Amino acid sequence: MAFLRNCWYIAGWADELIEGQLLARTFLNEQVVLFRDSKGALQALQDRCPHRFVPLHLGRLENDRIQCAYHGLSFDCSGACVHNPHGNGAIPKAARVRAYPMHERHGFAWIWMGQPEQADPALISDFSPMDPEMAYIGKSYLLVNANYALETDNILDLSHIEFLHGNSLGSAAVAQGIIEVAQDGDTVYSKRTTHDEQLTADLERLRGIPAGQRVDRWLDVRWNAPANMLLNSGYTASGQLRSEGRSVYVAHVFTPQTEATTHYWFGIAFPKALGEEGARLAQDNIEWLRQPFTTEDLPMLEAQQAVIGSQNFWDLKPVLLASDGGAVRARRLLEKMIKAEQEAMGDQPKIA
Ligand code: FES
Ligand SMILES: [Fe+2]
């Protein structure tokens with residue numbers, strides 16, 4: 001399946017981009033070099049010198065220009081070649097690389113992989129609970145050898161925590177939880193509420209729940225294209241209102257590296273109001289979450305991908321269960337958006 005182009009993708013945690021440093025990453029099969037300019041703004045260029053196709057990230061960043069390491073052509077933030085040290089110094093017309101719009105918001109670096117004139121920052125979905133100004137954020141990353149839509153399935157159907165994460169995140173009450181799926185424009189919600197649940201001792205400790213306390217739990221996920229999800233995970237004593245309990249936000253955001261590999265950034269937020277305790281909880285929780293995500297989800301997703309290969313998901317006729325509503329809704333919506341984009345582009349030259 002083609003990728004959605006006109007869309008803000010996450011390129012990384014904003015603090016991964018440090019002034020003066022070049023960071024190479026592949027998104028949607030395109031090699032990109034990322035950096036933070038001297039004004040603090042994020043920049044992204046095609047990571048391929050037009051002369052002999054050397055990756056520009058091997059070069060040097062100076063005065064907001066990248067000088068290619070091989071024969072010294074220099075490129076500015078617009079992708080234009082601005083210096084040719086050879087011959088009479090004339091700059092060939094074709095000596096330019098593609099520049100990608102970028103924006104920093106809520107602790108993430110966002111990149112626009114489509115038509116630059118359509119890159120409106122107002123289209124960035126709201127991840128304000130993950131803003132490091134507002135909260136302590138535990139942050140992590142995994143590279144997954146699986147298609148990003150399998151990750152959407154994973155997060156929008158959290159019934160799997162009963163089976164795959166039975167000793168960490170799950171319990172025997174999850175699969176029978178009450179499910180609610182909703183859609184508002186291009187946003188999909190997949191919500192699950194369990195009742196009278198006994199959480200694992202680890203989860204009680206990490207989320208500050210008294211040992212043995214039976215709880216009602218909610219796992220409310222919001223999805224936006226292409227695969228950016230924000231989970232609100234909360235607990236209240238059994239039978240009590242949500243407002244009596246507490247919750248945390250967990251971001252699960254995915255950007256395709258290729259059709260079969262995916263960047264996975266995940267983070268958890270604890271309010272600044274908690275002070276030092278919040279910073280400690282953010283760190284403890286993210287380290288703990290890394291364990292099931294790495295040893296349980298990752299092998300499962302990679303095993304799925306190995307079986308599916310390049311076959312079309314729907315051609316395989318997946319069996320649908322009660323828990324699949326949110327994931328199917330998101331898949332269908334993404335497919336519709338991609339189709340509409342391709343039709344709108346018609347005979348226009350495809351974005352290269
Ligand atoms: S390959 Fe970049 S200047 Fe020659
Ligand atoms: Fe999982």
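Predicted model: local features only at pLDDT ≥ 70, side-chain atom pairs only at ≥ 80, totals over all residues.
Helix α1, residues 148–156, is mostly covered, with nine of its nine residues buried; a residue is buried if 20 or more other C-beta atoms, placed from the backbone, lie within 10 Å of its own. The buried residues include Y148, E151, D153 and L156. Helices here are DSSP runs of H or I with at least four residues, and strands are E runs of at least two, numbered from the N terminus.

Residues are numbered from 1 along each chain as its sequence is written, and chains are lettered from A and ligands numbered from 1 in the order in which they are written.

Let me turn to the sheet. Seven strands make an open, antiparallel sheet in the order β12-β18-β17-β16-β15-β14-β13, where two strands pair if DSSP finds at least two bridges between them. β12 (135–144) and β13 (178–184) each have a single partner strand, so one side of each is left without a neighbour in the sheet.

Finally, the chain as a whole. Its secondary structure comes to four helices and 18 strands. The C-alpha atoms fill a box of roughly 80 × 50 × 35 Å along the principal axes. Of the 352 residues, 38% count as buried.

Methods
Buried ≥ 20, exposed ≤ 12 C-beta atoms within 10 Å, placed from the backbone.
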